[in-house]
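Student: I would like to go through this model and ask what stands behind each label.
Tutor: Go ahead, one label at a time.

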Amino acid sequence: MTAELPESSIPDEAWEEFQRASEGPARLAAPKEPSARARMVTERLRLEDEAAARRQRRRRGWGRKAAVRAEPEAWRAWPSRQRRARRRRAWGVFWVVVVVVVVLLVMNPERTLSWLV
């Protein structure tokens with residue numbers, strides 16, 4: 001009982017050429033698997049971030065249970081997080097200036113207004 005394979009209408013040379021031509025782009029488009037070292041480093045950094053979040057949660061005190069997310073330090077953060085941190089810092093400086101001006105106005109309105117105008 002030997003089953004014979006049907007004859008292919010495609011010659012072997014054409015089939016081999018097709019395989020070579022289609023393998024190249026597929027291999028380039030395939031996702032790259034991270035190395036074992038990269039996976040270990042990622043896991044270590046994730047654990048460090050979670051430990052830092054737990055420490056920060058314990059430090060809050062006074063019974064406040066705020067959601068503390070584990071975020072990487074600025075040098076590891078994506079640019080959008082860095083931009084957000086910069087924007088937050090700029091708003092902080094703005095509000096400090098506003099508070100100083102309001103305190104000066106409350107303490108000595110005539111002198112402060114003459115200095116501003």
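Student: Is glutamate 33 buried or exposed, and what makes it so?
Tutor: The model is a predicted one. Glutamate 33 has a relative accessible area of 65%. Exposed means over 50%, so glutamate 33 is called exposed.

Student: What makes the contact of arginine 39 with glutamate 33 a salt bridge?
Tutor: The closest N and O atoms of arginine 39 and glutamate 33 are 3.8 Å apart. The cut-off is within 4 Å, between a side-chain nitrogen of Lys or Arg and a carboxyl oxygen of Asp or Glu. The pair therefore counts as a salt bridge.

Student: Why is arginine 39 called partly exposed?
Tutor: Its relative accessible area is 43%. Buried is under 20% and exposed is over 50%, with partly exposed in between, so arginine 39 is partly exposed.

Student: How many salt bridges does the structure hold?
Tutor: There are 5 salt bridges. One of them joins glutamate 17 to arginine 20, with the closest N and O atoms 3.2 Å apart. Both residues lie in helix H1, 3 residues apart, about one turn of the helix.

Student: Why do glutamate 17 and arginine 20 get their accessibility labels?
Tutor: Glutamate 17 is at 44% relative accessibility and counts as partly exposed, whereas arginine 20 is at 53% and counts as exposed. The line for exposed is drawn at over 50%, so arginine 20 is past it.

Student: How do you know that arginine 44 and glutamate 48 are about one helical turn apart?
Tutor: Both are in helix H2, which covers residues 36-60, and they are 4 residues apart, so about one helical turn separates them. Arginine 44 has a relative accessible area of 43% and glutamate 48 one of 39%. Each value falls between 20% and 50%, so arginine 44 and glutamate 48 are partly exposed.

Student: Which residues are linked in a network of salt bridges?
Tutor: Glu43, Arg46 and Glu50.

Student: What makes the pair of tryptophan 91 and phenylalanine 94 edge-to-face?
Tutor: The structure holds 3 aromatic pairs. In the pair of tryptophan 91 and phenylalanine 94, the planes are at 90° and the centres are 5.4 Å apart. Rings pair if their centres lie within 6.5 Å, and planes over 60 degrees apart count as edge-to-face. The pair therefore passes on both counts.

Student: Where do tryptophan 91 and phenylalanine 94 lie?
Tutor: Both are in helix H3, 3 residues apart, about one turn of the helix. Ring pairs link Trp91 and Phe94 with Trp95 into a cluster. Phenylalanine 94 is at 40% relative accessibility, so it counts as partly exposed.

Student: Which residues gather in the patch of positive charge on the surface?
Tutor: Arg84, Arg86, Arg87, Arg88 and Arg89. Arginine 84 is found in helix H3, residues 79-107.

Student: Which residues make the nonpolar surface patch?
Tutor: Ile10, Trp15 and Phe18 make the patch, of about 320 Å². Isoleucine 10 lies in the segment before helix H1 (12-29). Its relative accessible area is 42%, and patch residues need over 30%, so isoleucine 10 qualifies on that point.

Student: How many helices and strands does the protein have?
Tutor: It has 4 helices and 0 strands, and from the N terminus on the elements run α-α-α-α.

Student: What share of the protein counts as buried?
Tutor: Of its 117 residues, 5% count as buried. The protein exposes about 11,400 Å², and carbon and sulfur atoms supply 61% of that area.

Note on methods: Residues numbered from 1 in each chain as written. Predicted model: local features only at pLDDT ≥ 70, side-chain atom pairs only at ≥ 80, totals over all residues. Heavy atoms only, no water. Helix = DSSP H or I, 4+ residues; strand = E, 2+ residues; numbered from the N terminus. Buried < 20%, exposed > 50% of the residue type's maximum accessible area, 1.4 Å probe, protein only. Areas by Shrake-Rupley, 256 points an atom, 1.4 Å probe, with all protein chains shown as cover. Patch = residues over 30% accessible without salt bridge, like charges linked within 9 Å, V, L, I, M, F, W, Y side chains within 5 Å. Lys, Arg positive; Asp, Glu negative; His and termini not counted. Charge placed at Lys NZ, Arg CZ, Asp CG, Glu CD. Phe/Tyr/Trp six-rings, centres within 6.5 Å; stacked < 30°, edge-to-face > 60°.
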